[in-house]
Amino acid sequence: MILMVAPPNFEEGQSTYRLPRFNGQTYGWWKIRMHNFIMAEDSELWDVICDVPFIPTKNLGNLAVAIPMTRKEFNDADGKAIEKNFRAKKILVCGIGPDEYNMISACQSAEEIWKAL
């Protein structure tokens, strides 16, 4: 059994609409709350965080070489998949403080951010 201790100054009745905020301490407590928050927002966002980021590709001529598409070449499904990564990144970035942001500022995907935290 894992015992989760609430951080100091925890007030009852926190909003269910506000992101849990990570302040560099009590990571385990924040991690569980953030997972629950993300799942409640959109369970597909959690898949984006756990998986390698989706990069739309196209084949180069007749060769079996895949190269990344430009944004102009995306179809609707590609655009929506890319948007999911940005939504997941937004939630994670909004749930951390400035010190933690410095740790993840170079991350390109939600998966990278989650692993860095």
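In the predicted model examined here, Cys 107 is buried, its relative accessible area being 14%, whereas Cys 50 is partly exposed, with a relative accessible area of 43%. A disulfide is a covalent bond between the sulfur atoms of two cysteines. When the whole structure was searched for such bonds, zero disulfides were found.

The nonpolar interior was considered next. In soluble globular proteins, nonpolar side chains tend to be buried together. In this model the largest nonpolar core comprises 19 residues, and those with the most contacts inside it are Trp 30, Met 34, Ile 38, Ile 49, Leu 92 and Trp 114. Helices H1, H2, H3 and H5 each contribute at least two residues to this core. The surroundings of Leu 92 illustrate how such contacts are made: when residues up to four places away in sequence are not counted, Leu 92 touches Met 34, Ile 38, Ile 49, Ala 110, Ile 113 and Trp 114.

Helix H2, which spans residues 43–50, has as its buried residues Leu 45, Trp 46, Val 48 and Ile 49. Seen down the axis of H2, these buried residues fall within an arc of 155°, and they therefore line one face of the helix. The partners against which the buried residues of H2 pack are helix H1 (27–41), helix H3 (76–94) and helix H5 (110–116).

The N-terminal end of H2 is capped by Asp 42, a side-chain oxygen of which lies 3.0 Å from the backbone nitrogen of Glu 44. Asp 42 itself is located in the loop between H1 and H2, and with a relative accessible area of 15% it is buried, because buried residues are those under 20%. Apart from residues up to four places away in sequence, Asp 42 touches Lys 84 and Arg 87.

Aromatic side chains were then examined for pairing. A pair of aromatic rings is described by the distance of the centres and the angle of the planes. With rings taken to pair if their centres lie within 6.5 Å, the count comes to five aromatic pairs. In one of these, the rings of Phe 22 and Tyr 27 have centres 5.6 Å apart and planes at 75°, and since planes over 60 degrees apart count as edge-to-face, the pair is described in that way. Phe 22 also forms an aromatic pair with Trp 30, for which the centre-to-centre distance is 5.1 Å and the angle between the planes is 35°, and this pair is tilted. Phe 22 counts as buried at 6% relative accessibility, and Trp 30 is likewise buried, with a relative accessible area of 1%, while Tyr 27 counts as partly exposed at 26% relative accessibility. Phe 22, Tyr 27 and Trp 30 form one aromatic cluster together with Trp 46 and Trp 114.

Finally, the segment before H1 contains Arg 18, which counts as exposed at 57% relative accessibility. Although Arg 18 and Phe 37 are 19 residues apart along the chain, their C-alpha atoms are separated by 8.9 Å.

Conventions. Residues are numbered from 1 along each chain as its sequence is written. This is a predicted model: local features need pLDDT of at least 70, side-chain atom pairs count only at pLDDT 80 or more; totals for chains, interfaces and linings use all residues. Side-chain values use heavy atoms; hydrogens and water are left out. Rings of Phe, Tyr and Trp (its six-membered ring) pair if their centres lie within 6.5 Å; planes under 30 degrees apart count as stacked, over 60 as edge-to-face and the rest as tilted. Buried means under 20% relative accessible area, exposed over 50%, partly exposed in between (1.4 Å probe, protein chains only). Helices (H or I, at least four residues) and strands (E, at least two) are DSSP runs, numbered from the N terminus. The arc is that of the directions from the helix axis to the C-beta atoms. Contact means heavy atoms within 4.5 Å. A polar contact is a pair of N or O atoms within 3.5 Å; within protein, one must be able to donate a hydrogen and the other to accept it, and residues adjacent in sequence count only if both atoms are side-chain atoms. A disulfide is a pair of cysteine sulfur atoms within 2.5 Å. A nonpolar core is a set of buried Ala, Val, Leu, Ile, Met, Phe, Trp, Tyr and Cys residues joined through side-chain atoms within 4.5 Å.
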